Amino acid sequence: MSDPMNVLAPEHRRLRIGDAWRDAASGATFAVEDPATGKTIAEVADAGVVDGLAALDAASKAMAEWAATPPRKRSELLLATYRALTERSEEVARLITLEMGKPLAEARGEVAYGAEFFRWFAEEAVRVEGRYNTAPAGGYRVLTVPKPVGPCVFVTPWNFPLAMGARKIAPALAAGCTTITKPAAQTPLTMLFLARIMEEVGVPPGVVNVVTTKRSGEVVSALLADRRTRKLSFTGSTEVGRVLLRQAADNVLRTSMELGGNAALIVCADADLDVALDGAMVAKMRNIGESCIAANRIYVEEPVREEFTARFVERMGALSVGHGLDDGVNVGALIDEPSVAKIDELVTDAVDRGARALVGGERPDGPGHFYPPTVLVDVPEDAQILQEEIFGPVAPIISFTSDDEVIAKANDTEHGLAGYVFTRDLQRALRFAERLETGMIGINRGLISDPSAPFGGVKQSGIGKEGSHEGILEYLDVTYAAIDLP
């Protein structure tokens with residue numbers, strides 16, 4: 001097996017600020033580990049506040065020229081990024097697997113998904129429009145002009161180290177904004193590789209800055225406190241999102257928040273069980289379950305509960321666990337020890353309260369951060385696992401007997417990101433779609449993410465949308481001019 005680290009030279013494991021790759025001002029570094037082995041695979045620069053502000057200096061300096069760059073030119077650079085990612089997809093995928101743990105097949109899927117954001121927003125860049133019309137009362141004209149909001153700060157998670165950055169950087173650049181990305185400390189290498197690619201295709205210095213750090217709180221706080229920052233986009237937990245929203249309020253920043261989820265997947269008795277099983281496996285096990293839109297609670301209508309559960313347990317038990325770069329592996333390593341410990345705690349709590357594990361349920365011995373695919377039944381309503389985001393390969397199955405009952409249970413959470421419904425009754429599906437308190441719903445489908453669709457939640461799952469036409473609007477302010485013209 002070739003070394004995926006060969007694609008990222010040591011000089012590109014530093015901070016990308018302006019036109020340079022540079023060490024942290026303090027000279028500090030931190031280790032990045034392979035979660036499947038626990039071994040260090042690289043050392044990267046550990047930025048401090050002075051480095052974060054240097055990145056903001058670069059983004060601010062580049063802002064006017066980038067905003068004035070013709071939309072077609074911005075579009076061509078985004079399309080070139082798409083092509084470069086596509087051409088180098090295997091290199092990027094192997095790097096993702098090495099630092100994040102997901103199986104290589106899933107990493108390849110992430111590269112394809114992430115690259116599509118650059119192609120989509122390359123097309124949106126040339127379609128930003130204002131309007132000119134007569135005021136309803138007459139006597140003057142209304143002119144509206146969309147303008148880029150300004151330098152943007154992005155805080156991205158570890159679970160999709162390419163796609164979550166691409167989903168923010170692409171629309172920002174399309175709109176004419178410059179960017180500073182602070183990737184998760186567990187997975188900084190993929191974002192550094194993306195910055196290298198964007199440098200190679202000709203994105204001007206200062207437009208894409210990447211600051212890696214283990215001191216996220218102090219660096220991000222300093223960036224949000226600086227009046228030159230005009231936009232914050234964060235993907236991560238609701239708890240951290242609340243903190244960042246409070247900090248962003250001081251300078252009244254534009255914010256986009258894609259926060260935690262507690263998705264319910266509902267299998268009705270009239271569903272095609274083959275379709276429901278396929279959808280449940282995708283919704284639960286995509287990305288090893290480390291996804292904010294993962295099926296967290298699986299509700300199955302009583303007449304089909306026994307059959308669905310048996311077939312689902314069979315599929316979960318057949319999955320192969322191992323290093324994501326090994327052939328035939330379906331379930332890779334979880335990101336770190338705290339993640340495994342949390343999942344183990346949730347399963348233990350459920351079992352202590354009366355739940356049964358039909359497959360899995362016990363963490364294995366040995367190196368790496370692994371947890372087996374697990375299915376729980378007889379899960380009581382007071383179990384922590386029904387209230388908290390699992391973020392791993394554990395599926396609690398709960399029976400229901402009526403639509404009103406399951407909708408009430410599905411909505412009984414502070415979160416409202418995604419939900420899934422499987423039924424062959426169109427009217428029933430539409431009633432679920434209208435009554436479930438979520439920003440996104442999969443109907444007879446376990447995969448709902450798409451660059452052309454608006455991704456985002458309601459309640460405490462977030463603010464704003466990413467992807468689709470709505471995604472570029474998050475990076476545009478509108479100036480209105482009243483023009484006297486009798």
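**Close-up views of a predicted model**

**View 1. Threonine 235 stands opposite glutamate 258 in strand β11.** The model is predicted; local features need pLDDT of at least 70, side-chain atom pairs count only at pLDDT 80 or more, and totals for chains, interfaces and linings use all residues. Residues are numbered from 1 along each chain as its sequence is written, and side-chain values use heavy atoms, with hydrogens and water left out. Strands (E, at least two residues) and helices (H or I, at least four) are DSSP runs numbered from the N terminus. Strand β10 (residues 231–235) pairs with β11 in the parallel sense over five bridges; pairing requires that DSSP finds at least two bridges between two strands. Because four of the five residues of β11 are buried, the strand is largely enclosed by the rest of the structure.

**View 2. Glutamate 258 carries the UniProt annotation "active site", from an unreviewed entry.** UniProt positions follow the numbering used here, feature names are shortened, and annotations may be inferred rather than shown by experiment. Glutamate 258 belongs to β11 (residues 254–258). With 3% relative accessibility, glutamate 258 counts as buried (buried, under 20% relative accessible area; exposed, over 50%; partly exposed, in between; 1.4 Å probe, protein chains only). Not counting residues up to four places away in sequence, its contacts (heavy atoms within 4.5 Å) include Met164, Phe234, Cys292, Phe455 and Glu466. The side chains of glutamate 258 and arginine 167 make a polar contact at 3.1 Å (a pair of N or O atoms within 3.5 Å; within protein, one must be able to donate a hydrogen and the other to accept it, and residues adjacent in sequence count only if both atoms are side-chain atoms).

**View 3. The largest nonpolar core has 68 residues.** Such a core is a set of buried Ala, Val, Leu, Ile, Met, Phe, Trp, Tyr and Cys residues joined through side-chain atoms within 4.5 Å. Those with the most contacts inside this core include Leu85, Phe118, Leu189 and Met198. Domain 1 (10–259 + 461–481) and domain 2 (263–443) each supply at least three of its residues; the domain bounds come from an automatic or database domain assignment. Apart from this core lies another, of 62 residues, among them Val331, Val379, Ile385 and Val394.

**View 4. Aspartate 272 lies in the loop between β12 (263–267) and α9 (273–285).** Aspartate 272 is partly exposed, with a relative accessible area of 29%. The C-alpha atoms of aspartate 272 and arginine 424 are separated by 6.9 Å, the two residues being 152 residues apart along the chain.
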